[in-house]
Amino acid sequence: MNITIRTRLLRNGNQAIYFDCEDSGRRWQERSGFYLIDGYDAKTKRLNRDAMDKAVDLRSRRILGLEAESPGDKSETTVKGAYFSEWLDGYLEEVRKNPMRNRGYYNNVRATANLVTAYLKKRRRPRMAMKSVNAGFIRGFLRFIKEDYRHHYHGDKPLSDSTIYAHQLRLSQILDHAVRDGVLRSNPLRSLHKRERLRKPSYDRDYLTREELERMGNAACGNDDVKRAYMFCCHSGLRFSDVKALCWKSLRFSKGGGERQTSGGRLQRPHQPHLRDLRHP
């Protein structure tokens, strides 16, 4: 990562010190929060020398990946000086201990948190302050997961459009929770124009016919448990995450169908007579 200190002339004659950053062929600019005052007297020269020294120190910290407070980097969306990564770790632990959240939900949130951590590492800002979680950060993160990130466990392939959209939704939920926690005044993702946010992908879906389901039920499978779970999803209409958390004691069978006890009430589904045959032998 290369960071060059530059100045920009302001209308009042002063100069704003900013960072011209470059990493892996991508360039962007960041404010330093320091200024050079117009003037040539001894006091002005001393103030400008101190401001430039502080900018050089901040540049060194950024290159080393150390987050430093900069007086000019103030955001109207934040109220506390916490680090984003530390707050995110606490939020993950809260989700893990929440009895109303299943393991699948926790794993999904953790996957999004891991992407945020990877983005902070790429930007050399692992201890980025909450005050820096703004619209610019969100734009960079969305660009990162769409263009730069590769899934190492799947042959370094890019994320699919549906996965990227799901991460955007979960990030918005995480930031909403930060607002409720009082560490953000507002969710910066919601301030983006709709053209800047990722759109939900649309697909033409083909549904399995009854004959295809019967052939699938008769076909051999290397893992019978996975096959039974999938067939149960097909015949009951339940999602895999629901079936994964489902227990037989939570089901109530009647002539018209079955009821599943959920956290929000009861979910009734018409069942097929042979669903009981899918139980583990």
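Modeller: Let's start with arginine 124, which is partly exposed because its relative accessible area is 31%; buried means under 20%, exposed over 50% and partly exposed in between, with a 1.4 Å probe and protein chains only. Arginine 124 sits in the loop between H3 and H4. Helices (H or I, at least four residues) and strands (E, at least two) are DSSP runs numbered from the N terminus.

A word on the ground rules. This is a predicted model, where local features need pLDDT of at least 70 and side-chain atom pairs count only at pLDDT 80 or more, while totals for chains, interfaces and linings use all residues. Residues are numbered from 1 along each chain as its sequence is written, and side-chain values use heavy atoms, with hydrogens and water left out.

H3 gives the most, with 8 residues. That core has 36 residues, and Phe84, Trp87 and Phe137 have the most contacts inside it. By nonpolar core I mean a set of buried Ala, Val, Leu, Ile, Met, Phe, Trp, Tyr and Cys residues joined through side-chain atoms within 4.5 Å.

Now zoom in on tryptophan 87. Leaving aside neighbours within four places in sequence, tryptophan 87 is in contact (heavy atoms within 4.5 Å) with Met130, Ile174, His177, Ala178, Asp181 and Val183.

Several of these names come back where H2 meets H5. Phe84, Trp87, Leu88, Tyr91 and Glu94 in H2 touch Ile174, Leu175, His177, Ala178 and Asp181 in H5. The residues of this contact divide into 7 nonpolar, 1 polar and 2 charged; Ala, Val, Leu, Ile, Met, Phe, Trp, Tyr, Cys and Pro count as nonpolar, Asp, Glu, Lys and Arg as charged, and the others, Gly among them, as polar. H2 (residues 84–97) packs against H5 at an angle of about 95°, with the axes 11 Å apart. So H2 is roughly perpendicular to H5: 65 to 115 degrees counts as roughly perpendicular, under 35 as roughly parallel, over 145 as roughly antiparallel and the rest as oblique. The axes are lines fitted to C-alpha atoms, for helices over the stretch in contact, and angles run from 0 to 180 degrees between N-to-C directions.

Elsewhere in H5 (residues 161–181) you'll find glutamine 168. Glutamine 168 counts as buried because its relative accessible area is 4%. Not counting residues up to four places away in sequence, glutamine 168 touches Leu142, Leu189, Arg197 and Leu198.

What about the strands? There is an open sheet of 3 strands in the order S1-S2-S3, with antiparallel pairing; two strands pair if DSSP finds at least two bridges between them. S1 and S3 (26–36) stand at the edges with a single partner strand each, so one side of each has no neighbour in the sheet. S1 pairs with S2 (residues 15–23) over 8 bridges, and isoleucine 5 has phenylalanine 19 in S2 as its bridge partner.
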